[in-house]
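Take a moment to look over the sequence and the 3D view.

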Amino acid sequence: MTAKLEDPESFRERAREFVIANLRPSSGSKLVGILRDERTDEEELAEVAREREIQRGLFEAQLAGVCVPKAYGGQGLTPAHQAVLNDELIGREYPMRLQSPTFAPCLSVLLEFGSEEQKLRHIPAILKGEEIWMQFLSEPSGGSDVAGALTTAIRDGDEWILNGSKVWTTGAWWSDWGLCLARTNWDVPKHRGLTVFMLPIDREGVEVHRIEMLNGSKEFCQEFLTDVRVPDSDRIGGVDDGWTVGTRWMFHERMGTNSPLTTQPKGGALSGPDALPMVSIAGDADVLDDRRALDLIGEAESLAAADRALRGRLGDGIAAGTISDQASAIGRLFAGRVAIRTTTIGMDLAGAAAAAWAEDDESLVEIGHDYLMRQVSCIGGGTTEMAANVVSERVLGMPRERTLDRDVAFRDVPRSPSH
Amino acid sequence: MLLQLDSDLEFFRETTDRFLSEKAPPHELRRLRDSDSGFEANFWRQGADLGWTSLLVDEAHGGGSISGDRLVDLSVVAHEFGGHAAPGPLGPSNIVAGALSRHGQHLELLADLLAGSAVATWAISETVPHSPFGSFGLEIAVDGDEFVLNGTKRPVESAAESTHILVTGRTGGGLTQVLVPVASRGLTLRPMSGVDLTRRFSVVEFADVRIPAEMVVGAVGHAREAVEHQLRQGLVILNAESVGAMQAGFDMTLEWAIDRYSFGRPLASYQAIKHRFADMKSWLEAGHALSDNAAAAVSAEADDADELLSAAKSFIGEFGGELLQECVQLHGGIGLTFEHDLHLFLRRHTTNRALLGTPADHRRRLAELVIARENAA
Ligand SMILES: Cc1cc2nc3c(=O)[nH]c(=O)nc-3n(C[C@H](O)[C@H](O)[C@H](O)COP(=O)(O)OP(=O)(O)OC[C@H]3O[C@@H](n4cnc5c(N)ncnc54)[C@H](O)[C@@H]3O)c2cc1C
């Protein structure tokens, strides 16, 4: 028997009530910029704590996990309800750091492949803001070739012992759990010797190092795993069957903020580019009546509108099954292209303030650093080159690249001399 | 075009697609290159029987919608027109028919337009500093029970094939629209040359053209809203048609890349080429999505309809042009020949890109709309 779903308008009223009573207004423009180095560690931790608190509040108000089944503490509602929540959050603070990767792809992977016991243990905790998750995928030896992971798990009775290193995790130093892809068999081809585990980041043997990015931010992390013990009950999916999980994991990652599991008010940092920050920049640079500036602002908005429209088209098509899941790579590729062009437009509008800015330059502050960090949006979440491979091979059916790592034992696959 | 059409609309699309494949195949388009009108009267009448001319017309006047959303219906036909680089005055006829139906005027002409036995066109564009976004130099003066028109419109599509031209101009500080018989004294047509094989355009000059007061469409001096409405419809049609042309060029180039060998392997196996297709695919899908979203926003009379239309017109113009030029590049020498079909779609796209505002015009208009929205907030 299916229970009758709450109608979106009454959901909207509940959401609005919660938002007004609990969430502070936030200026959208504070959230623009690319991984800016603007907070001390204490401030960062305070913001993380605040986001956990908001998430807890959402949970108590029965607004958390809108599309997550009720059995796991969610609301069992639809993407349309999630859209209502996104709408009501416009201009308010929200748990931005918890969306990606915690809700998508980590929670999506748990929902799809976790055992009942794993789901009951972790999903409600995630929805309450108690568990922030990281993806332990990329390794120093390579991130694009995810299935080429070298981090190794060896079975020891009811436990596994993990050794290796994961890298480029953003915010691992304040996070709780890692979803980790590891090699459990070196004697079979690479896709057939992988297994997925979950592990608490504070477990003995996990050492988190922070990496300074070129703009000064220290959110990037590297984890060194030395004899880390993980119980077999924390394995997700079958032994050596990690790539079954992995392919869906990659799909959920490419869905990114298109996933109905994430919350993303328009104008927030994760909602995709919008030209309004460009209007602020042009205003502060005093070029609003310059024809070239108008051209750039119009270009930014047309790209933003294209990006939003494309997300909608792909999201609807994938949900309805009229296009394949692989089409999410089209959105990932396009979003990367749009983001880098928008960053360049911002820099050009800022003029000389992109090179050197004064404290009171308002929206022009840090624009130059954003430009230096421009390629983040084409690298993080899987590169645009990898997305282009998926689009051409899986969506358009063009021939696969020749590789030297199929049908040979993984230990015999050529590797960089340095790894 | 939408990923999924309801079954009636899909039937309509398929009928149009089949009809165009049969009656307007590439060799027919090449033949029409040398014809004066660019389309056959009989072809247009048959298209009218399929429903091409009635989509913006009220039921009371003999029109009707298939899906319940007129602009969605029309953009489906326009998309097919783009995909076949089809001949015929699709945009002008529909816009004029829609305007006459909306105002409930000149119903005899409307009936002929619906039947496809007559063609009418809309004269909106002029040269700079005027723009289709509401600045017109053509003057429509009131003189007793007559209007007197002075000025020049260009380019006007299918003017020589039309019996009447719906002319947009200014009367004092307001806008007026009148229906001018092409045979009027003082009206001269100068045929223009152009890139499309089957679309014909003219410079239309009005020198003291006098027409009776009853030829007004809407109210004298108060046509701004109607003009904006028609402009939105025109942009919806151009966008959908251009995306259809992008799709056709893309499909034929993908097929070519898979089929063509170089250095012992298909072009489609080179990553350098695969990645260009991936980008083209993203532009194509974004073009579809924007065109559809803009059409839906216009139908719903949404606040952001003009923003979406300009975003779509500039994006589809800019990226569609890049896409089709990439298609030429990936074809190599054959892509530059008249014998190959690719240019049919490049021509159609290029024409549409330049009409009713260039990508740059729409970027600026979009910026102004966004700034106005920001200031209002
Ligand atoms: C902000 C940010 C956050 C991130 N967060 C995480 C995280 O939480 N967890 C995590 O595991 N990782 C994370 N990453 C890492 C990211 O997923 C990897 O950086 C990315 O997948 C690329 O891997 P790599 O850096 O090893 O580069 P490589 O894989 O070595 O690639 C180098 C270059 O070669 C190209 N290339 C590689 N293979 C091919 C091919 N077959 N065809 C064409 N081109 C190719 C790549 O596109 C790239 O341009 C994050 C990265 C960023 C920037």
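How many bridges join strand 3 of chain B to strand 7 of chain B, and do they run parallel or antiparallel? In this predicted model, strand 3 covers residues 146-157 of chain B and strand 7 covers residues 201-212. Nine bridges join them, and the two strands run antiparallel. Individual pairs can be picked out along the way. Gly151(B) stands opposite Phe206(B) in strand 7 of chain B, and Thr152(B) stands opposite Glu205(B) in strand 7 of chain B. In a regular strand the side chains alternate between the two faces of the sheet.

Strand 7 of chain B also pairs with strand 6 of chain B, which spans residues 187-191. This pairing is antiparallel and has five bridges.

Now turn to chain A and its domains. The domain assignment gives domain 1 of chain A as residues 22-132, domain 2 as 135-248 and domain 3 as 271-395. How far apart are the centres of domain 1 of chain A and domain 2 of chain A? Taken over C-alpha atoms, the separation is 23 Å. The contact between them takes 24 residues from domain 1 of chain A and 23 residues from domain 2 of chain A.

The area buried between these two domains of chain A is about 2000 Å², and carbon and sulfur atoms give 61% of it. On the domain 1 side, Leu35(A), Phe113(A) and Ile132(A) supply 27% of the area that this domain buries against domain 2 of chain A, more than any other three residues. Charged pairs occur here as well, with four salt bridges across the interface. In one salt bridge, Arg210(A) meets Asp41(A), with the closest N and O atoms 2.8 Å apart. Side chains of opposite charge can pair when their charged atoms come close. The count of residue pairs in polar contact between domain 1 of chain A and domain 2 of chain A is 11.

Which helices supply at least two residues each to the side of domain 1 of chain A that touches domain 2 of chain A? They are helix 2 (41-60), helix 4 (99-113) and helix 5 (116-127) of chain A. Helix 4 of chain A gives the most, with seven residues. By class, this side of domain 1 of chain A has 11 nonpolar, three polar and 10 charged residues.

A further salt bridge in chain A joins the side chains of Lys166(A) and Glu139(A), at 2.8 Å from N to O. This pair links distant parts of the chain, 27 residues apart. Lys166(A) is in strand 3 of chain A, while Glu139(A) is in the loop between strand 1 and strand 2 of chain A. Over all chains, the count comes to 67 salt bridges.

The last step is the interface between the chains. The contact takes 38 residues from chain A and 43 residues from chain B. Chain A and chain B bury about 3300 Å² between them, with 69% of it on carbon and sulfur atoms. Arg313(A), Leu396(A) and Met398(A) supply 20% of the area that chain A buries against chain B, more than any other three residues.

Arg313(A) also forms a salt bridge with Glu285(B), the closest N and O atoms being 2.7 Å apart. Between chain A and chain B the count is six salt bridges, and 10 residue pairs are in polar contact. Helix 7 (276-284), helix 8 (291-320), helix 9 (328-350) and helix 12 (384-395) of chain A each supply at least two residues of the side that touches chain B. The largest share, 16 residues, comes from helix 8 of chain A. The residues on this side of chain A divide into 21 nonpolar, seven polar and 10 charged.

Note on methods: Residues are numbered from 1 along each chain as its sequence is written. Chains are lettered from A and ligands numbered from 1 in the order in which they are written. This is a predicted model: local features need pLDDT of at least 70, side-chain atom pairs count only at pLDDT 80 or more; totals for chains, interfaces and linings use all residues. Side-chain values use heavy atoms; hydrogens and water are left out. Domain bounds come from an automatic or database domain assignment. Contact means heavy atoms within 4.5 Å. Buried area is the accessible area (1.4 Å probe) that two parts lose on being put together, summed over both. A polar contact is a pair of N or O atoms within 3.5 Å; within protein, one must be able to donate a hydrogen and the other to accept it, and residues adjacent in sequence count only if both atoms are side-chain atoms. Helices (H or I, at least four residues) and strands (E, at least two) are DSSP runs, numbered from the N terminus. Ala, Val, Leu, Ile, Met, Phe, Trp, Tyr, Cys and Pro count as nonpolar, Asp, Glu, Lys and Arg as charged, and the others, Gly among them, as polar. Two strands pair if DSSP finds at least two bridges between them.
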